[in-house]
Amino acid sequence: MRPLRILTWHVHGSYLYYLTQAPHEFYLPVKPGRPEGYGGRAGNFRWGENVHDVPAEEVPRGQFDAILFQSRKNYLEDQFELLSPEQRRLPRIYLEHDPPRETPTDTRHPVDDPEMLLVHVTPFNDLMWDSGRTPTRVIEHGVTDPGPKWTGEKARGLTVVNGLQKRGRRLGADVFERVRQDIPLDLVGMDSQAVGGLGNIPLNDLPAFSAPYRFFFNPIRYTSLGLAVCEAMMLGLPIIGLATTEMATAVQNGVNGYVDTDVRRLIERMRQLLEDPGEARRLSAGAREVARERFSIERFARDWDTTFREVAGRRALVGGAR
């Protein structure tokens, strides 16, 4: 079977990089200055030859098998500015990266279309969104094996969050500060220096940087399961975090880390790992095992391959000349 031609936008760089491990050709619209959503092959990623930049003005003449929306702006605005009428009738998928924000239980998804497929990245998100008439599917995260492995000799915890100071309670800025009063923690990510962090670590350097830390702490209250958590787990870091959203199932207490809704108990677990490298080593092995079973890039690529082919198979290829 030939690779399919998928038009999508650069919305979440890390996710897009993993998505393009699926055996298809991906076309990313770009605009001068590469504004949000139109960055194309941007960032510190080793993009494959199956990832193509397309000037936005050339998109209406392109020929694609399916359109993959990844944001409300893609769906509500970009498609009407960018796509031809024929392309807007192509098979379509909306990839929802987040849980509902307005209310956790009563928010209607902006897509209400029985002819589209709505893909959620966690079962929790699928549970919480009111998806109306739109059929849904869950494709859980997949991450590549980073190569370096956990060593854990550094008796400190590591947190990886971009823009923590500006993103407030939802991302757990207050939780991080509370824990840091009792536990040695390092924060990395964009703008982390604003709260005493170590700055942004290039993606390719992050595994080797993270490997010596005793554990990974995720202070986030309410968001999708972060790729940083999956990446840390694949590396072998024991995971400590709040028992909210999909974290409650991704981390099994005593197997690959600990989750709780009581921050005091989490602090006790962190102290235990700092004082007992052997226990951390045991949880490290569990983290690798869970990550390889649940978040392997091979499973992720298969799930997306199946999904793209099922959706694209609903109608023949439509579009302009090659």
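**View 1. Helix H7 at the largest pocket.** The largest share of the lining of the largest pocket comes from H7, which supplies four residues. This is a predicted model, in which local features need pLDDT of at least 70 and side-chain atom pairs pLDDT 80 or more, while totals for chains, interfaces and linings use all residues. Residues are numbered from 1 along each chain as its sequence is written, and side-chain values use heavy atoms, without hydrogens or water. The pocket itself comes to about 1,400 Å³ (space filled by probe spheres set on grid points joined across faces, edges and corners). A pocket here is an open set of points on a 1 Å grid over the protein atoms alone, where a 1.4 Å probe fits, with protein on both sides within 12 Å along at least five of seven lines; lining residues have an atom within 4 Å of a point.

**View 2. Around the centre of the largest pocket.** Look for His12, Ser14, Asn162, Arg167 and Leu227: among the 49 lining residues, these sit closest to the centre. Helix H1 (13-19), strand S6 (92-96), strand S11 (213-218) and helix H7 (227-235) are the elements that each give two or more residues to this lining. Helices (H or I, at least four residues) and strands (E, at least two) are DSSP runs, numbered from the N terminus. Sorted by class, the lining holds 23 nonpolar, 18 polar and eight charged residues. Asp, Glu, Lys and Arg count as charged, Ala, Val, Leu, Ile, Met, Phe, Trp, Tyr, Cys and Pro as nonpolar, and the others, Gly among them, as polar.

**View 3. The second largest pocket.** This one holds about 410 Å³ of space. Its lining has 22 residues, and the ones closest to the centre are Tyr18, Thr144, Pro146, Leu203 and Pro207. H1 and H7 turn up here too, along with strand S9 (154-160) and helix H6 (206-210), and each of these supplies at least two lining residues. By class, the lining splits into 15 nonpolar, four polar and three charged residues.

View 4. Across residues 72-82, the buried ones are Asn74, Tyr75, Asp78, Gln79 and Leu82. Why do they end up on the same side of H2? They cover an arc of only 120° around the axis, which puts them there (the arc is that of the directions from the helix axis to the C-beta atoms). Phe80 and Glu81, on the other side of H2, are exposed. Buried means under 20% relative accessible area and exposed over 50%, with partly exposed in between (1.4 Å probe, protein chains only). The buried residues of H2 pack against strand S2 (25-30), strand S5 (66-69) and S6, where contact means heavy atoms within 4.5 Å.

**View 5. The buried side of helix H5.** In H5 (residues 173-180), Ala173, Val175, Phe176 and Val179 are buried. Their arc around the axis is only 165°, so they lie on the same side of H5. What do these buried residues of H5 pack against? Their partners are S9, helix H4 (164-167), strand S10 (185-188), S11 and helix H9 (263-275).

**View 6. Phenylalanine 64 in strand S4.** S4 covers residues 63-64, and phenylalanine 64 is part of it. Phenylalanine 64 counts as buried because its relative accessibility is 2%.

**View 7. Zooming out.** The protein has eleven helices and 14 strands. Its C-alpha atoms fill a box of roughly 65 × 40 × 35 Å along the principal axes. Of the 322 residues, 56% count as buried.
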